[in-house]
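Take a walk through this structure, one part after another. Keep the coordinates open while reading.

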Amino acid sequence: MSVLQQEMRDNMSSVKTFKPKSEADLASMILGGDNFEIIGGGTRAIGKLDAPPRNLLDMTGVSGIIDYEPAEMVMIAKAGTPIADIEKALKKGGQRMVFEPLDYRPLLGTKGKPTIGGAIATNASGPRRFVAGACRDSFLGARFVNGKGDIIKAGGRVMKNVTGLDLIKLLAGSWGTIAPMSEVTFKVVPQVETEATLVLYGISDLDAAKAMASAMATPCEVTGAAHLPQNIAEQFKELDGKSATLLRLEGFEKSVNLRIEKLQAILSDYSEQHVLNDKQTKTVWTSLRDVTPFSDGTQDPVWKISVAPMAGHQLVAEFGPADAYYDWQGGLVWLRLDGDHHVHKVRAAVKKVGGGHATLVRASDEHRRSVSVFQPENPAVAEISKRIRKQFDPLGKFYTGRMG
Amino acid sequence: MTATEMTSETSSGIQMPKPDQAILARREEIVSALKAIVPGEGVVDNETEMRPFETDGFLAYRFMPLAVVLPETTEQIAQVLKYLAQEGVPVIPRGAGTSLSGGAIPQEDAVIVGLSRMIKILDTNYENRTLTVQAGATNLSISDAVASDGFFYAPDPSSQLACSIGGNIGMNSGGAHCLKYGVTTNNLLGVKMVLIDGTVVEIGGEHLDAPGLDLLGIICGSEGQLGIVTEATVRLIAKPAGARPVMFGFDTSEDAGACVADIIGTGIVPVAIEFMDKPAIDICEAFAKAGYPMDVNALLIVEVEGSDEEMDDMLARIVTIAKRHKVKVVKESQSATEAALIWKGRKSAFGATGRIADYICMDGTVPLGQLPHVLNETARIVESYGLRVANVFHAGDGNMHPLILYNINDPIEAQKAEDCGMDLLKLCVDAGGCLTGEHGVGIEKRDLMLYQYTQEDLDQQMAVRAAFDPEWILNPSKVFPFEARGNERPATGNA
C-alpha cells in the first residue's frame with residue numbers, strides 16, 4: 001500500500017456499507033469507490049483479520065432466482081440469493097446441488113443466511129466432493145464486476161464449454177478477493193430416491209483408511225466415506241458409541257440395497273457392521289458436512305486439512321490423541337486443537353505426510369490477526385496468483401488480506 | 001513463402017500473422033542452441049521430418065515450423081522455454097497433434113515443443129486412486145495401465161488411442177462418458193508445469209482443492225497459452241460392474257431429442273447418451289457393422305452401468321420414457337462383443353466419415369431443451385449451402401458434432417463448408433450455448449469469439465493470459481481474435 005493510500009484510509013472518518021440492488025448498481029459503486037470487503041450472508045467468517053477499516057460491499061441485495069429448468073439441470077441465480085431459497089426451488093423440481101454446500105453457521109456461531117455467491121466464492125463443498133467434484137465443478141458460468149467496474153461474463157449455462165479461458169475457476173474459492181459476482185449459473189442434479197450408510201464399528205484410523213480405500217476400489221459407487229474416531233462417534237445417537245467408519249450409498253432403492261449387500265460381503269473382514277436408514281443417513285452426513293462435532297460454542301482452533309486419502313490418519317497421528325474426524329475417504333481432516341500455538345506444527349505435519357493444505361477455519365480474533373489462516377503458497381505459485389489478482393483488480397479496490 | 005500467401009493458397013478464411021523475418025533469418029542459430037539443450041534426436045529441423053508437424057487434426061491449414069524440439073525431461077523444457085522467450089521466438093506446445101481446432105498448428109517463425117518422448121507413468125496409487133504420468137502419454141495408456149486392477153481414467157475423447165494427456169489438459173477434453181464422470185478439469189488433481197520464463201511449478205497433487213486461487217482450473221483448457229504441462233496427476237475411478245449400451249431408434253430427430261431431455265429430467269443420468277442421425281448411422285454401420293438399426297432416422301445410444309439387476313432396473317425406466325416418445329426400435333447389446341461394436345461404430349464416426357468425404361466437425365454446445373430446434377436449423381443451414389451433414393454427438397450434455405461433408409480439393413466448396421460451420425456455431429450461441437464444448441477454440445473458432453463474448457469479457461481473459469505469458473510467446477495466434485487484441489498486445493500479427 002502506498003503512503004498516500006494509507007493516509008487516505010487513516011483519514012476516513014468511518015467505513016460504510018454498500019448494498020447494491022442490481023449488477024448496474026454494483027458496477028457504479030465499484031467505479032466510484034474503493035477499499036471494499038465483499039461479503040454475502042456473512043456466515044463464513046474465515047480468514048486473516050487485519051486492521052485497516054474497510055467498506056463492506058454487501059451482496060445480499062442482488063438476490064433472486066433468474067432461471068431454473070429442471071430438464072436442463074441448470075439454475076441461474078443472482079449471487080446474493082440465499083441457499084435456502086435455492087434448495088426450496090430445487091426440492092420442488094426434484095433436484096439438488098450435488099456439491100452439498102457446507103454451512104459454517106453451527107461451527108462459527110455466525111448468524112445470517114448463507115448465499116449461493118458465498119458458497120461458490122468459498123468453494124464450499126460437502127462430503128460428496130471426493131467423487132462428484134467440488135462446488136467449482138458444478139459451477140458453469142458467472143457475471144461479475146472487475147475492479148475497473150467492467151461487467152464481465154464468463155463460462156455459460158451448458159455442461160460442456162471450453163470456449164476461452166475458464167475464468168470462473170478463479171472466482172470459485174477466491175473468497176471474494178478478486179471480484180464480486182452478480183450472477184451465477186450452476187449444474188443441479190436429480191434428487192435420489194433413497195440413501196443409506198454402511199457403518200463399520202470399532203476399527204482404528206489406519207484400518208478405516210484401508211477399508212475406505214477398499215470400498216472405493218469397488219464399483220459400488222460410494223458417495224460418502226468418513227471415519228469417526230470413538231470420541232467423535234459418541235456424539236451421534238444414530239451410532240453405538242464405538243469408532244465408526246461410514247460409507248454412504250445413494251440412488252434407486254433397489255440399487256442401493258444391492259450395493260449395500262455387495263459392500264458388506266467385500267468388507268466382511270470388518271465383522272461389526274450396521275446399516276443406517278435414509279433418515280439417519282441424512283442426519284449424520286449433514287452433521288459431518290457442517291462440522292457439528294466441533295460446534296461447541298468456543299473459539300478453539302479448528303483446522304480443515306486436505307491431504308491424500310491415505311495420509312489423513314498419518315497427519316492426525318502427529319498430534320497424539322486428538323479431536324479429529326475424517327471425510328473424503330480420509331483425505332479431509334477436521335482437527336480441533338486447544339490453544340493458539342499449533343500453526344507451525346499443523347503446517348509441518350501437512351508437509352511431512354506428502355503435502356496438501358490446511359486452513360484455520362475457526363480461531364479467536366486475536367489468533368486470526370497473528371497468523372496466515374490459509375496455507376501459504378510456494379513463492380512461484382504465489383507470484384502467479386499475485387499477478388492474476390492484479391489483472392482482475394488493477395487498482396486494488398478489493399480487500400485481499402483475508403487470504404493473506 | 002509467407003504465411004499470408006500460404007493461407008490464401010489453402011483457404012482464405014483464417015488469417016495467421018506474417019512470420020517475423022528476423023527470426024527466420026536466425027534459424028540456424030536457434031536450431032543449434034536448441035540442439036545444445038536437447039541433444040541426440042531431440043531436435044527436428046529438416047523439412048521432410050517436420051512435415052507431420054505442419055498441421056494437426058484440423059487438416060485444412062498447414063505451416064512449416066521453424067524447428068521441432070522433442071525434450072525428454074521437464075528440465076529440458078524449462079531451458080528451451082527460457083531460451084525461446086529470451087529470443088522472442090513463438091512456442092507451439094504439442095501433445096499428439098490430434099486437435100480438431102488447430103490448437104497445435106504451428107506458424108513459420110515458431111518452434112514446436114512436442115511431448116511425444118515424455119510418456120512414462122511415474123506413479124500409480126490405488127488406495128489414493130491417483131496416477132501420475134508424463135504429459136505426452138496417451139489418454140488410453142492410462143486406462144490400459146490400470147484396467148487389470150479394476151480402474152480407469154474417465155475422460156475418453158474419441159481420439160483417446162492417440163491423444164496425449166497434456167493435450168487433454170490443454171483443451172480440457174471431454175468424451176462420451178463425461179455426462180456421468182465429468183471432463184478433464186473434473187478429473188485432474190495436479191500438474192507440474194513449466195512457465196514461459198523456465199520456472200517449474202507444481203500445482204495440486206494427490207489432495208483435493210487449492211489452498212489459494214484455483215490455478216489448476218485456469219490452466220486446464222488454456223490451450224497451451226499459460227505454460228507447458230509436463231506431468232499430471234489424475235483421478236482413477238473403479239470400473240463399473242458392467243456397462244450396457246442400448247440403442248433406441250426413432251422416426252424423427254425431434255422425438256430423439258425430446259426423449260433425451262425427458263430421461264435427464266426424470267432423474268436418470270446414464271453414463272452416456274449419444275445421438276446419431278440417419279447419415280451418421282449409415283456411415284458408421286458401413287464401417288463398423290455394429291448392427292445399428294437402418295430403418296430409423298435418429299438413433300440414441302444410451303449406456304447404463306452397474307450390476308445386471310441395476311442395469312435391468314435402469315433400462316426398464318428408460319424404455320418406459322422412450323415409449324412416450326414413439327421409440328421404434330429398442331436393441332440391447334447381447335454380449336460384450338456386441339457392446340464393443342456399438343461403441344466402435346460411434347467412436348470411429350469421424351474416421352468412418354473421412355472415408356467417404358472430407359469433413360469439418362463442429363463442436364458447439366446447446367442447452368438440452370434447444371436440441372430439437374438446433375437440429376432442425378442445422379439441417380436447414382447446411383442445405384442452404386448445398387452441402388451434406390451427418391450429426392453424431394453427445395446428446396446428454398448438448399454437445400453437438402455436426403460433420404459437414406465437402407471436398408477439400410474444391411476451394412469453393414471448402415470455403416462454403418467453413419462458412420457453413422461458422423453459421424452452425426453462431427446458431428449454438430444464439431440458442432444459449434457456446435462455440436466449443438470440448439475441441440477448443442484454436443484457430444478454427446478464434447474469429448468467432450466476439451460473437452460469444454464482449455470485448456470486455458475477452459479483455460479479462462487476455463489479462464489473465466498475460467499474467468502467465470506477458471509477451472505472448474506461447475501459442476500466440478490461437479484463441480483470441482486479432483481484432484480484439486488491441487495494439488498493446490504483442491504477437492497480434494501484422495496480417
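The model is a predicted one.

Begin with the domains of chain A. The domain assignment gives three of them. Domain 1 is written in two segments, 1-191 and 376-404. Domain 2 covers 194-289, and domain 3 covers 292-370. Between the C-alpha centres of domain 2 and domain 3 of chain A lie 23 Å. Their contact draws 19 residues from domain 2 of chain A and 16 residues from domain 3 of chain A.

One residue of chain A is worth a stop. Ala89(A) sits in helix H3 of chain A, residues 83-92. Leaving aside residues up to four places away in sequence, Ala89(A) touches Ile65(A), Tyr68(A) and Met75(A). Leu288(A) is 199 residues from Ala89(A) in sequence. In space, the two C-alpha atoms are 24 Å apart.

Now turn to chain B. Its assignment reads domain 1 (121-238), domain 2 (243-349) and domain 3 (357-430). The centres of domain 2 and domain 3 of chain B, taken over C-alpha atoms, are separated by 22 Å. To this contact domain 2 of chain B gives 16 residues, and domain 3 of chain B gives 15 residues.

Next come two sheets of chain B. Strands of a sheet pair through backbone hydrogen bonds, either parallel or antiparallel.

One is an open sheet of four strands, with mixed pairing. Its order is E1-E2-E4-E3 (chain B). Strand E1 (43-44) and strand E3 (91-94) of chain B are the edge strands, and each pairs on one side only. E1(B) runs antiparallel to strand E2 (residues 67-69) of chain B, and two bridges join them. Val44(B) has Val68(B) in E2(B) as its bridge partner. Helix H5 (residues 74-87) of chain B packs on this sheet. H5 touches E2, E3 and strand E4 (111-114) of chain B. The direction of H5 makes about 165° with that of E4(B).

The other open sheet has seven strands, and here the pairing is antiparallel. Read the order as E15-E12-E14-E13-E17-E18-E16 (chain B). Strand E15 (329-332) and strand E16 (358-361) of chain B each have a single partner strand, so one side of each is left without a neighbour in the sheet. On average, neighbouring strands are turned by 20° against each other, direction ignored.

Last, look across the chains. Helix H16 (residues 379-392) of chain A meets helix H19 (residues 455-468) of chain B: their axes come within 9 Å and cross at roughly 155°. Angles over 145 degrees count as roughly antiparallel, and H16(A) and H19(B) are therefore roughly antiparallel to each other. The crossing is right-handed. H16(A) contributes Ile384(A), Arg387(A), Ile388(A), Gln391(A) and Phe392(A). From H19(B) come Gln460(B), Ala463(B), Val464(B), Ala466(B), Ala467(B) and Phe468(B). By type, the residues of this contact are eight nonpolar, two polar and one charged.

Definitions and conventions: Residues numbered from 1 in each chain as written. Chains lettered and ligands numbered in written order. Predicted model: local features only at pLDDT ≥ 70, side-chain atom pairs only at ≥ 80, totals over all residues. Heavy atoms only, no water. Axes fitted to C-alpha atoms, helices over the stretch in contact; angles between N-to-C directions. Parallel < 35°, antiparallel > 145°, perpendicular 65-115°, else oblique. Left-handed = near helix turned anticlockwise from the far one by under 90°. Contact = heavy atoms within 4.5 Å. Nonpolar A, V, L, I, M, F, W, Y, C, P; charged D, E, K, R; others polar. Pairing = 2+ DSSP bridges. Domains from an automatic or database assignment.
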